[in-house]
Amino acid sequence: MLSRTQARLLQLAAQGLLQPLRRRPRPGDVVAMVERMRLLQIDTIHVVARSPYLVLHARLGDYPMSWLDEALAQGRLAECWAHEACFISAADVGWHRGGHDQRMHHWAQRHAARMLREQRADMDALLAGIRESGPVRAADFVRKDGAAKPGWWEWKPEKRWLEAWFALGELMVARRENFQRVYDLAERVLARLDPPFDPAADAFSAADLRRRFIIDSVRALGVTPAGWIADYFRLRPKVTDHELAPLLASGELLAVPVQGWATPGYVHRDHGDVLDKVRQGRLRATHTALLSPFDPLVWDRARTLTMFDFEYTIECYTPAAKRRYGYFVLPILHRGQLIGRLDAKAHRSDGVFEIKALFLEPGVTPVPSLVQAVAKAIVETARWHGTPEIRLGRTQPATLAKALRAVSKDQ
């Protein structure tokens, strides 16, 4: 039986968060890490670095953010709807394109299908224009209603049509400019993918796709009960132990008991060596990092609570008066545990990385080694972000502030 600590180590190893990278990152590491996680969720909030860049920084360290944009423009990555809007490896595009008809439970597909029914003529005209004139951004269309800068629910019609065609698979994202999507016909984007797109992917059945996404989810999670699998790629219905039985019989998955779990934990056979090391006590967590709220390690709140005893809510969607910790709160990973959280804001024009508040979890003692590791992670994140001056607000416990300031000056 795996202990809960061993299960955490296995999940961290699968997610690339067990130990820091022991060399300088290379451009190919961006694609390799997306392949390892199977997807990289996109979110536009940029109080700190936008989420996909921050997720990669937690794993790769000091890498240029431009590498992610370049990998997309070069066709080594693509965008699709998976967990939510995500980057995926070009090698996986076929699996996601084959699932458009099978994913109508996802809100993006449902909204897109409804818009196509209701505004087909306008959407067809937009598509024809792109076919003739080439890639476009939503910003290329002038807003006609005189409204102020659009918010999430105030997109101009062309933006809604572009997003609908993207969700339906007729358009893809060719590249990003200042993080704005540049849309082009799917056939033109597919033609330059690296590795090349295989049209045979269109023949995948619903059963083929579900099986692949189940296997990929287990691989990405390291160890998981059946109940956590569906969330990774937003599968419906939920995955059951009965459904996983054939994958156990074929040897693609392994079943292991985990302390405190009422049902088996599942491990992908590719992690067999790591599982052996965990059982033999040969795996150690040495990494400290600041995590994005949309990091795959923490986006499933029930999983995070069970695995790490860490109760976490993304409070940027919560009214300010009801927030407990802050607007954009980053979980702090330290040596295999989630030991705290900080509410941060990057003031890019001033070069300031503001920590409005930092909280350690109940029972976590700020011993010197922990303080030093957390301070180092904060300093490295701030420098990578181009906001090297750190402004520290309140901390809990209050005595942590003085220790952090002292250590930060030496980094």
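**Close-up 1. Val329 and its partner across the strand pair.** Val329 has Asp343, a residue of E10, as its bridge partner. The two strands here are E9 (residues 329-334) and E10 (residues 337-347), and they run antiparallel over six bridges. Strands count as paired if DSSP finds at least two bridges between them; strands (E, at least two residues) and helices (H or I, at least four) are DSSP runs numbered from the N terminus. This is a predicted model, with local features needing pLDDT of at least 70 and side-chain atom pairs pLDDT 80 or more, while totals for chains, interfaces and linings use all residues. Residues are numbered from 1 along each chain as its sequence is written, and side-chain values use heavy atoms, with hydrogens and water left out.

Close-up 2. Zoom out a bit and you get five strands in the order E8-E9-E10-E11-E12, an open sheet with mixed pairing. E8 and strand E12 (389-396) sit at the edges, each pairing on one side only. On average, neighbouring strands are turned by 25° against each other, direction ignored. H15 packs on this sheet and touches E8, E9, E10, strand E11 (352-360) and E12; contact here means heavy atoms within 4.5 Å. The direction of H15 makes about 45° with that of E8 (axes are lines fitted to C-alpha atoms, for helices over the stretch in contact, and angles run from 0 to 180 degrees between N-to-C directions).

**Close-up 3. The second largest pocket.** H15 turns up again here, giving the largest share of the lining, eight residues. The pocket holds about 570 Å³ of space. Of its 26 lining residues, Pro20, His287, Thr288, Lys376 and Glu380 are the closest to the centre. Helix H3 (51-60), strand E8 (288-290) and helix H15 (368-385) are the elements giving two or more residues. By type, the lining splits into 10 nonpolar, eight polar and eight charged (nonpolar: Ala, Val, Leu, Ile, Met, Phe, Trp, Tyr, Cys and Pro; charged: Asp, Glu, Lys and Arg; polar: the others, Gly among them). On a 1 Å grid over the protein atoms alone, a pocket is an open set of points with protein on both sides within 12 Å along at least five of seven lines, a cavity is a set where a 1.4 Å probe fits but cannot get out, and lining residues have an atom within 4 Å of a point. Points join across faces, edges and corners, and volume is the space filled by probe spheres set on them.

**Close-up 4. The second largest cavity.** This one has a volume of about 30 Å³. Its lining is Arg38, Asp92, Trp95, His96, Arg212, Phe213, Asp216 and Phe233. H10 gives the most, three residues.
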